[in-house]
Amino acid sequence: MELLFQLFLGPIILFIGWIYNIIFEITGLSGLSIIILCIAVNVLLLPVKLYARYIMKKELDIQIIMRPKVLELKRKFKGEQLHNELSNYYKTKEYHPVYA
C-alpha cells in the first residue's frame, strides 16, 4: 500500500498542492484558491468525462439492440445452457457484459 501511495498518489498530491500554492500566492485567499483549483481540475478532467459518457452510450445502444434476443434466450433456457447460449450470442456480437 505504501508503494502505491509513493508511486501514484504521492506525486498527484504534491502536484495539486504545488498548483494550490501558486494560486494562493496570486489571489491571497485560500477559499478562492480552492474554488479556482476545483474549476481547473474539472476542466482538465472534462475530456475523460466526455469519453466515459461516449463509451457508456455506445454500450447502452448495443444492449438495447441485443435486449430482445437476450430476453428470448432467457425464456427458452435455464442454468448452464442459458449461460452457454448467452456467451455464444455475445461472441457473435463481439460484446462482453463486463464492459456494461
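Which residues line the largest pocket? In this predicted model, the lining consists of Gln-63, Met-66, Arg-67, Val-70, Leu-71, Lys-74, Tyr-90, Tyr-95 and Pro-97. The pocket itself has a volume of about 150 Å³, and helix α2 gives the most to its lining. The chain has a mean pLDDT of 91. This briefing covers the pocket, the arrangement of the helices and the confidence of the prediction.

**The largest pocket**

- Helix α2, which spans residues 30-76, contributes six residues to the lining of the largest pocket.
- Sorted by class, the lining of this pocket holds six nonpolar residues, one polar residue and two charged residues.
- Among the lining residues are Tyr-90, Tyr-95 and Pro-97.

**Helices α1 and α2**

- The axes of α1 and α2 come within 9 Å of each other, and they cross at roughly 130 degrees.
- The crossing in which α1 passes α2 is right-handed.

**Helices α2 and α3**

- Helix α3 covers residues 79-92, and its axis comes within 10 Å of the axis of α2.
- These two axes cross at roughly 160 degrees.
- Angles over 145 degrees count as roughly antiparallel, so α2 and α3 are roughly antiparallel to each other.
- Helix α2 passes α3 in a right-handed crossing.

**Confidence of the prediction**

- In the chain, 98% of the residues reach a pLDDT of 70 or more.
- Confidence is lowest in helix α1, residues 2-27, where the mean is 91.
- Confidence is highest in α2, at a mean of 94.

Note on methods
Residues are numbered from 1 along each chain as its sequence is written. This is a predicted model: local features need pLDDT of at least 70, side-chain atom pairs count only at pLDDT 80 or more; totals for chains, interfaces and linings use all residues. Side-chain values use heavy atoms; hydrogens and water are left out. On a 1 Å grid over the protein atoms alone, a cavity is a set of points where a 1.4 Å probe fits but cannot get out, and a pocket is an open set with protein on both sides within 12 Å along at least five of seven lines; lining residues have an atom within 4 Å of a point. Grid points are joined across faces, edges and corners, and a volume is the space filled by probe spheres set on the points. Helices (H or I, at least four residues) and strands (E, at least two) are DSSP runs, numbered from the N terminus. Ala, Val, Leu, Ile, Met, Phe, Trp, Tyr, Cys and Pro count as nonpolar, Asp, Glu, Lys and Arg as charged, and the others, Gly among them, as polar. pLDDT is the predictor's confidence in each residue, from 0 to 100. Axes are lines fitted to C-alpha atoms, for helices over the stretch in contact, and angles run from 0 to 180 degrees between N-to-C directions. A crossing is left-handed if the near helix is turned anticlockwise from the far one by less than a right angle, and right-handed if clockwise. Angles under 35 degrees count as roughly parallel, over 145 as roughly antiparallel, 65 to 115 as roughly perpendicular and the rest as oblique.
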